[in-house]
Amino acid sequence: MVRAVKIECGISFRLRDNKAVTPTPITCFVEFNGKPVVKIPTGAKILPSKWNPEKERPIGGMKGLESIEAGSITEKLSAVRTTVENNYREHVNLFKTYPDKEIFKEQVMQSISGETPTHKEEDRPDPSLLNFFERQIRLSREEKRLIIKGPRKGKPYRENTIKSYEGSLALLRDYMGSRKLKALDFDDITMGFYHDLRSYMFEDVSFSLNYFGKVIKHIKLFMKEAEEEKLHGSTVYRSKAFIKVEEETDAVYNDIKQLEAIYSTDLSGHPGLMNARDLYLLGAWSGLRFQDYSVLEEKARVTGDFIHIETKKTGVFVAIPILPVTREILEKYRSEDGTYLYPKPISNQKLNDYIKTIGKMAGLIQPVSMSVPDGGKRVKVTIPFHDAMGTHTARRSFATNMYKHYRLPALTIMKITGHTTEANFFRYIRMTPEENAQFILDTVMARKAV
């Protein structure tokens with residue numbers, strides 16, 4: 001995980017020369033990202049003998065400055081502190097990352113002097129990829145940067161997408177800190193950078209291949225947008241070697257018998273687990289993502305045999321058939337006036353924990369082999385099946401069961417799951433080569449029997 005960005009910065013005031021015999025400048029030191037990074041001149045000067053280094057303020061009284069002079073310096077330092085704090089918090093709240101130190105220093109000094117910047121940060125043609133990253137995130141939050149293709153063309157980006165950008169930006173800042181880089185300009189995006197970032201993510205911080213692929217995807221996206229604005233002429237990012245890599249996952253799914261075992265497990269006396277079980281099964285029989293099936297009461301509308309809902313990720317309205325188990329769960333939570341109340345929403349992490357416990361209680365303890373990332377490679381581990389289950393297992397179970405057990409056409413299932421290509425759909429569902437061969441054999445033999 002990328003470390004959290006602290007909302008507060010460290011601020012201290014020090015003298016340029018503690019041994020000066022004439023008034024020496026007072027400098028503001030700003031600390032964030034775990035170290036002092038910015039020095040800002042305050043415009044104030046003082047004799048070292050009239051300065052209290054522990055309290056970081058002028059000494060007043062008989063041995064110090066006149067009260068008017070001491071008050072003037074104190075007031076100026078207070079104004080600098082307030083300006084630094086306001087600029088820092090505004091940046092962190094907006095971008096969820098630490099600011100670029102040179103731009104931050106310039107903005108603070110302009111604020112102190114009362115000058116109007118000749119260029120807004122978001123409009124300045126800057127050679128820094130990270131500054132462009134920040135600008136695009138800001139424009140996305142302000143709904144000035146819109147989606148240009150797909151079913152949500154012309155609409156603003158969703159919060160999850162923006163947070164994903166912020167995660168990549170924070171990781172790149174961590175990478176720069178690790179490599180002691182002062183900047184990451186457009187021209188720095190070379191194949192050497194690509195391989196070094198991969199090495200950093202695998203060997204230094206042990207991230208997965210898919211996470212590396214996501215960061216590369218965002219770099220390619222913003223490099224392309226910056227090139228379209230004529231901010232650079234680099235083309236390396238378009239090379240076939242500069243690829244967004246991804247790996248197949250070993251995610252499991254629940255077959256029909258397992259779902260029946262989960263449904264029939266006696267959870268009386270465990271209302272929390274019962275609520276979690278019902279929530280999970282709604283996902284397993286609807287094909288919705290957790291972010292949708294966990295908030296049905298807020299977003300869903302039941303009409304006859306269908307659940308109508310606008311999916312959060314794609315913004316597409318879908319009609320979900322109410323299958324038998326779904327119907328039983330809906331009726332269970334239906335109030336006397338006929339209103340559907342649904343299971344109580346819980347967090348993704350809590351449901352992840354609960355469903356593992358429920359799976360164990362349902363007897364899903366058989367060993368399953370999984371691969372996990374280790375230094376950019378995958379190593380095999382064996383764990384109980386229930387420990388491999390999670391919130392997304394429900395949706396994967398729906399897609400796989402509808403295709404494998406109920407023999408529905410892939411395109412029909414894709415209308416609900418939202419997969420845009422059959423290639424992505426078949427990578428998503430869980431079928432071994434043997435199961436696929438058996439599926440073909442059973443289908444052919446069934447038609448022959450008719």
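Author: What follows describes the sheet, then its helices, then the protein as a whole.

The model is predicted, so to speak of local features pLDDT of at least 70 is needed, side-chain atom pairs count only at pLDDT 80 or more, and totals for chains, interfaces and linings use all residues. Residues are numbered from 1 along each chain as its sequence is written, and side-chain values use heavy atoms, without hydrogens or water.

Three strands make up an open, antiparallel sheet in the order E1-E2-E3; strands (E, at least two residues) and helices (H or I, at least four) are DSSP runs numbered from the N terminus, and two strands pair if DSSP finds at least two bridges between them. Strand E1 (10-15) and strand E3 (35-46) are the edges, each with a single partner strand, so one side of each has no neighbour in the sheet. From one strand to the next the twist averages 25 degrees, where axes are lines fitted to C-alpha atoms, for helices over the stretch in contact, and angles between N-to-C directions run from 0 to 180 degrees. Strand E2 (residues 24-32) is joined to the antiparallel E3 by eight bridges, and Val30 stands opposite Val38 in E3.

Helix H1 (residues 67-95) lies across E1, E2 and E3 and runs at about 150 degrees to E3, while helix H2 (residues 101-113) packs on the sheet, touching E2 and E3 (contact means heavy atoms within 4.5 Å), with its direction at about 25 degrees to that of E3.

The protein as a whole has 16 helices and 10 strands, and its C-alpha trace spans about 105 × 55 × 45 Å along the principal axes.
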